[in-house]
Amino acid sequence: MAETKFVYHFAEGDAGMRNLLGGKGANLAEMTNIGIPVPDGFIVTTEACTDYYKNKTKISDKIKAQIQKALAELEGKTKKKLGCAKNPLLVSIRSGSRASMPGMMDTVLNLGLNDQTTAGLAKLTGNPRFANDCYRRFIMMFANVVVELEKHKFEHIFGEIKEKKGIENDSDLTAADLAEVIKEFKAFYKKGTGEDFPQDPQVQLMKSIAAVFRSWNNPRAITYRRLNDIPGDWGTAVNVQMMVFGNMGDTSGTGVCFTRDPSIGTNKLYGEYLMNAQGEDVVAGVRTPLKIDALEKQNPKVFKQFVDIYKKLEKHYKDMQDIEFTIEDGKLFILQTRVGKRTAAAALKIAVDLFAEKMISQEEALLKIDPKQLDALLHPQFVPAELAKAKAIAEGLPASPGAACGQAVFTAERAVEFKNAGKKTILVRLETCPDDIEGMNVTEGILTARGGMTSHAAVVARGMGTCCVAGCGALRISEEGRYFEVAGKRYNEGDFISLDGASGKVYGEVIKTQAAKLTGDFKTIMDWADKYRKLGIRTNAETEADLKKAIEFGAEGVGLARTEHMFFGTGRIEPMREMIVSNTKEEREKALAKLLPIQRDDFYAIFKAMKGLPVTIRFLDPPLHEFVPTSQQDIAILAQEMGMAVEHLKATIASLHEFNPMLGHRGLRLAITYPEIAVMQTRAVIEAAIQVQKDLKIDIVPEIMIPLVAEVKEYNYIKKYVVETADEIIAKSGVKLKYMVGTMIEIPRACITADEIAKQAEFFSFGTNDLTQMTFGFSRDDAGKFLPDYYSKKIFDSDPFVRMDLDGVGFLVKMAVDKGKSARKDLKVGICGEHGGDPSTIEFCHKVGLTYVSCSPFRVPIARLAAAQAAIREKKGGCASENR
Ligand code: PEP
Ligand code: MG
């Protein structure tokens with residue numbers, strides 16, 4: 001059997017090999033082959049990285065031998081030699097994974113320098129300043145990346161020497177000054193490691209390659225992968241490339257350019273460069289770089305060559321490119337090209353423009369946009385320049401996107417009071433509860449110390465489109481004392497704070513926001529998406545404002561109206577509470593009679609707003625104790641209202657306590673104990689539908705959904721009440737009304753027995769929040785506390801409550817779809833758990849043949865685009881990961 005090839009020369013690869021060579025390596029290979037001036041080099045593959053981890057973080061002898069061989073060949077081609085003082089080869093060592101992870105992993109430049117080769121380089125170039133400059137950079141990078149000494153300590157030493165010499169610009173340091181820096185750096189290296197700085201370039205090389213492999217698993221890379229759905233087992237490739245020097249003097253330089261404006265998408269070269277500098281100087285901000293246009297005056301020949309190259313690259317890759325270049329003594333080299341990261345607005349404009357320029361098809365244009373990015377366009381945004389200046393005080397889970405700024409308040413009541421006084425707030429809570437709903441509704445943003453991505457705060461906030469950062473464990477909150485503390489500083493009620501719902505960052509200051517703009521490009525892309533997608537898109541909503549938003553964003557129906565959400569708020573919670581604490585059927589029916597007209601009006605409003613589009617109404621689901629009063633005052637009021645002794649009421653409330661409410665008396669179990677609840681809700685749905693049909697002359701087919709079924713007999717028991725009640729009302733009304741009765745599939749047993757259930761249920765909707773909870777046995781409300789350990793210990797790449805666990809939960813979903821359809825061919829199957837708005841889950845939903853996905857209003861555009869991408873990819877026979 002032929003030996004696995006772990007090392008490729010640039011000339012041996014191409015752009016199609018990104019899985020093996022990483023994005024950077026594959027592009028360097030491609031550029032080499034299309035005649036772009038790229039310094040020569042080779043790539044150690046992603047498989048070598050996987051092997052390194054398998055081999056207890058050691059580079060195997062086989063791989064080392066292949067690296068040595070490739071190096072010898074590179075030496076032959078460049079006519080230079082690593083470690084040779086007369087004509088030293090210097091190389092850069094850079095990471096490069098399949099998906100671009102900018103800045104997340106490590107790089108070592110100028111490798112190959114030691115005391116001898118530095119002297120040799122000085123002699124060879126006649127430029128000792130340049131040689132010393134490279135050496136001091138190398139020592140610092142190697143020390144930081146390979147032996148993990150802190151970079152800022154080196155910067156401090158460097159700064160001190162500059163200060164001593166009275167020098168501001170690095171480029172003004174002389175060769176002798178830099179020799180002093182090298183001496184100090186080496187001494188610091190020895191102090192920090194107990195060893196001399198390694199002089200053997202072979203040792204430097206192997207250690208640096210291993211360090212880049214290791215950087216695949218540094219904490220920021222792990223977090224980046226989780227947020228961007230990049231699997232942890234992909235590994236990174238390592239690119240070993242001959243150095244070219246931008247710091248050789250005034251005819252040398254280095255820069256970074258985007259072929260179009262990455263913030264607004266305009267078709268204009270955008271970038272900056274520095275003369276007499278190396279790459280990191282441009283980003284480090286030590287010297288202010290020049291705008292790329294200035295290069296035209298400074299060196300028109302190189303500029304013209306660069307323009308030709310960038311145009312060629314953009315045409316070749318059919319996308320906006322982010323290009324790194326170096327000019328070495330007047331000669332241009334391209335060090336990297338990759339698809340440029342861009343804002344959501346730019347992504348839309350670039351996709352639409354590339355189609356108009358006939359570079360790509362509509363399908364290709366749709367695949368270029370990351371659906372998750374669209375979120376940023378729908379919510380208020382921070383003014384980017386202001387955000388860049390601000391410093392975060394803490395970080396939690398990015399539970400609901402958007403940018404919020406306001407005065408901290410610690411109770412829902414205070415949020416309402418502030419609002420009434422015309423003030424903007426951020427509601428800071430340990431965790432939110434249904435009682436907080438009014439406060440959540442009026443606040444700009446919600447910040448909680450506890451809870452995960454499907455905690456109450458997160459779900460409600462996303463539904464409302466309110467920015468939310470949840471599970472921010474670093475906060476020490478005193479709700480009673482009306483303050484929180486973080487990093488030794490106290491923030492009191494009324495202090496201004498800001499939340500970034502996209503990053504989960506919390507700021508202790510005002511950051512200005514601007515309203516979202518939906519441009520014409522947005523509409524164009526959405527129209528294209530609708531043309532290609534097969535999945536229907538519905539929304540999870542019940543209030544008029546949310547329904548309006550959802551329709552505006554393109555929802556084609558309601559996939560989940562949570563009826564319990566309709567009982568929050570004054571005038572509603574009271575009869576709901578009466579119903580819950582009733583001791584007799586009569587008392588309960590009295591309370592239900594008060595709730596009936598309220599529900600009927602709500603359903604009427606939903607049907608009216610949806611104008612005949614399908615509406616799924618889910619019957620009462622949550623544990624009842626969530627609704628019972630907790631304050632003495634509320635208990636007293638309720639007791640009086642019901643003519644009940646306070647002590648008696650307190651005993652009833654205590655009896656509702658459950659040890660595991662999520663597994664307790666909720667869902668259809670409530671209606672099994674109290675069928676009168678299902679009867680009242682059926683009455684409200686059917687009467688509202690008849691009335692809408694009469695008033696507005698639109699045909700509607702309400703879909704009644706029974707939650708939390710595990711066993712078909714449970715379902716049948718409730719269905720009987722629903723059907724009897726509905727048929728009787730319809731018969732009496734003289735109106736022809738069709739309705740459907742179906743169920744949520746959210747318990748593993750329901751998946752396993754889905755064929756039996758489908759014989760009785762006309763539709764399924766997957767409640768994947770509960771299905772995830774019950775498949776893993778992770779409490780939805782508590783998982784946020786321990787899941788971070790799963791990420792840092794690499795047990796999970798992502799939150800299973802956000803991105804569906806395809807092996808377990810997905811397996812159950814597919815099985816239930818297949819079994820359900822085997823029993824009822826035309827079974828309508830949707831998903832209404834939070835996963836319904838997650839792009840990678842949507843691709844799965846498309847593949848297993850769901851009828852629709854349903855998500856909160858603000859995720860509707862994301863779902864439209866993701867559904868189109870799934871259909872296009874299926875047609876092309878590709879998968880999501882290949883396109884990242
Ligand atoms: C679910 O469990 O996925 C679901 C949609 O229901 P809820 O979140 O209301 O339990
Ligand atoms: Mg559920």
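Predicted model: local features only at pLDDT ≥ 70, side-chain atom pairs only at ≥ 80, totals over all residues.
A residue counts as buried here at under 20% relative accessible area, as exposed at over 50%, and as partly exposed in between, with a 1.4 Å probe and protein chains only. Residues are numbered from 1 along each chain as its sequence is written, chains are lettered from A and ligands numbered from 1 in the order in which they are written, and side-chain values use heavy atoms, with hydrogens and water left out.

Back to E746 and D770: they coordinate the magnesium ion (ligand 2) through OE and OD, at 2.0 to 2.2 Å. E746 sits in the loop between β28 (740-745) and α29 (748-752) while D770 belongs to helix α31 (residues 768-776), so the pair ties together parts that are 24 residues apart in sequence. Donors are N, O and S atoms within 2.8 Å of the metal (3.2 Å for Na, K and Ca), and since water is not among the atoms, sites may look incomplete.

Now for the rings. The structure holds 25 aromatic pairs. Rings of Phe, Tyr and Trp (its six-membered ring) pair if their centres lie within 6.5 Å; planes under 30 degrees apart count as stacked, over 60 as edge-to-face and the rest as tilted. Take F138 and F142: with centres 5.7 Å apart and planes at 65 degrees, the pair is edge-to-face. Both lie in helix α5 (residues 128-145), four residues apart, which separates them by about one helical turn. F142 also makes an edge-to-face pair with F197, at 5.4 Å centre to centre and 75 degrees between the planes. F197 is in the loop between α7 (175-193) and α8, so this pair ties together parts that are 55 residues apart in sequence. Ring pairs link Y135, F138, F142, Y189 and F197 into a cluster.

Rings meet charges too. K5 lies over the face of Y8, 4.7 Å from the ring centre, and the charged end of K720 sits over the ring of Y721, 5.8 Å from its centre. The test is NZ of Lys or CZ of Arg within 6 Å of the ring centre and within 35 degrees of the ring normal.

Last stop, helix α3. Helices (H or I, at least four residues) and strands (E, at least two) are DSSP runs, numbered from the N terminus. The buried residues of α3 include I63, I67 and L74. Just after α3, K79 takes a positive phi of about 60 degrees.
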